[in-house]
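Student: I have a structure to go through and I am new to it. Can we take it piece by piece?

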Amino acid sequence: MSPELEHLIRLQEIETKAADAGRRLSEAPERIAALDSTLAAAREEVDRAKQAIADNQTARRLIEKDLAVVQQRQSKYKDQLMEVKTNREYHAMQTEIATANAEVGKFEERILIGMVEADDLTAKLKTAEQTLVAEEARIRAERSVIERDAAEMKTLAASLAREREGLVARMPRNVVELFERVSKGRHGLAVVPARDERCSECHVRLRPQVFNHIRKNDQIVQCDSCQRILYFVAAKPTETTSA
Ligand SMILES: [Zn+2]
């Protein structure tokens with residue numbers, strides 16, 4: 001293979017790796033932000049569960065206050081019942097006591113419902129707290145993987161840039177320019193293999209004469225269709241099922 005083609009192939013490898021490193025590096029902040037928002041959501045869930053418990057307690061305390069008022073009334077009526085003089089007064093007091101009893105019953109029921117709710121809310125808080133602990137551990141680990149990967153990509157990008165600089169310096173200017181022109185127009189992919197008499201990227205069938213040139217790997221040949229620089233790679237021997 002001509003050194004020119006070898007240089008072009010290596011240049012392409014460097015550019016592809018550098019582009020990949022750059023992409024992974026640029027994705028890191030977004031991936032970390034996504035982890036942070038997952039963590040924030042888990043924290044909010046715990047805060048919400050705590051708030052629900054506090055609300056439940058406040059509501060129960062209010063009911064307990066109302067209950068105490070009715071209970072006071074209830075015992076006052078019971079005392080008064082002992083002192084009534086007439087049958088009519090007795091019945092009136094009985095009615096008042098029955099009303100108070102019913103109210104006490106209602107408040108007690110609401111307190112009971114509140115207590116059952118409190119049990120549920122406590123269980124929810126426990127689950128939310130466990131989830132938060134697990135998420136914190138997972139996110140800490142994922143974050144350090146992303147940060148380590150980003151640091152590696154930075155180092156790799158720097159070393160690829162150095163290698164590219166050295167390589168380009170050894171290549172004829174017009175060849176570098178051709179590479180850059182094709183690369184720009186083809187999303188960074190300027191040098192590709194030809195296989196089975198086709199351009200491996202745009203799959204156009206190459207004329208036999210063109211393919212014969214490519215086979216020799218001793219000159220720069222561009223694909224008629226996509227303009228990419230082609231080099232020859234022998235097709236892998238196909239496995240035959242028959243003997
Ligand atoms: Zn092509």
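This is a predicted model: local features need pLDDT of at least 70, side-chain atom pairs count only at pLDDT 80 or more; totals for chains, interfaces and linings use all residues.

Student: Let's start with Gln74. Where is it found?
Tutor: Gln74 is in helix H1, residues 3-81. Helices (H or I, at least four residues) and strands (E, at least two) are DSSP runs, numbered from the N terminus.

Student: Is Gln74 buried or exposed?
Tutor: Gln74 is buried because its relative accessible area is 13%. Buried means under 20% relative accessible area, exposed over 50%, and partly exposed in between, with a 1.4 Å probe and protein chains only.

Student: Which residues is Gln74 in contact with, leaving aside its neighbours within four places in sequence?
Tutor: Those are Ala100, Asn101 and Val104. Contact means heavy atoms within 4.5 Å.

Student: And which side chain makes a polar contact with the side chain of Gln74?
Tutor: That of Asn101, at 2.3 Å. A polar contact is a pair of N or O atoms within 3.5 Å; within protein, one must be able to donate a hydrogen and the other to accept it, and residues adjacent in sequence count only if both atoms are side-chain atoms.

Student: Switching to charges. How many salt bridges does a search of the whole structure find?
Tutor: The search finds 18. A salt bridge is a side-chain nitrogen of Lys or Arg within 4 Å of a carboxyl oxygen of Asp or Glu.

Student: Which residue does Arg73 meet in a salt bridge?
Tutor: Arg73 meets Glu103, at 3.5 Å from N to O. This pair links distant parts of the chain, with Arg73 in helix H1 and Glu103 in helix H2 (residues 87-170), 30 residues apart.

Student: How exposed are those two?
Tutor: Arg73 is partly exposed at 26% relative accessible area, and Glu103 is partly exposed at 27%.

Student: Which residue does Glu135 meet in a salt bridge?
Tutor: Glu135 meets Arg138, at 2.8 Å from N to O. They are 3 residues apart in helix H2, so about one helical turn separates them. Glu135 is buried at 18%, whereas Arg138 is partly exposed at 33%.

Student: What else does Arg138 form a salt bridge with?
Tutor: Arg138 also pairs with Glu142, where the closest N and O atoms are 2.7 Å apart. Arg138 and Glu142 are separated by about one helical turn because they are 4 residues apart in helix H2. Glu142 is partly exposed, at 33%.

Student: Which residues are linked in a network of salt bridges?
Tutor: One such network links Glu15, Arg164, Arg173, Glu177 and Glu180.

Student: Now the metal. What are the protein donors of the zinc ion?
Tutor: They are the SG atoms of Cys199, Cys202, Cys223 and Cys226, lying 2.3 to 2.4 Å from the zinc ion. Donors are N, O and S atoms within 2.8 Å of the metal (3.2 Å for Na, K and Ca), and sites may look incomplete because water is not among the atoms.

Student: How are the donor residues spaced in sequence?
Tutor: The spacing is C-x2-C-x20-C-x2-C. Of these, Cys223 is buried at 1%, and Cys226 is buried at 4%.

Student: What are the angles at the site?
Tutor: The angles among the 4 donor atoms are 101 to 117°, and the site is tetrahedral. Four donors count as tetrahedral if all angles lie between 85 and 135 degrees.

Student: How many aromatic pairs are there?
Tutor: The count is 1 aromatic pair. The ring centres of Phe211 and Phe232 are 5.6 Å apart and the planes are at 80°, so the pair is edge-to-face. Rings of Phe, Tyr and Trp (its six-membered ring) pair if their centres lie within 6.5 Å; planes under 30 degrees apart count as stacked, over 60 as edge-to-face and the rest as tilted.

Student: Last topic, the backbone. What is phi of Asp196?
Tutor: Asp196 has a positive phi of about 50°, although it is not a glycine. Asp196 lies in the loop between strand E1 (191-195) and strand E2 (198-199), and is exposed at 53%. His203, in the loop between E2 and H4, has a positive phi near 65° and is also a residue other than glycine.

Key:
Residues are numbered from 1 along each chain as its sequence is written. Side-chain values use heavy atoms; hydrogens and water are left out. Four donors count as tetrahedral if all angles lie between 85 and 135 degrees; four count as square planar and six as octahedral if opposite donors are over 155 degrees apart and all others between 65 and 115; anything else is irregular.
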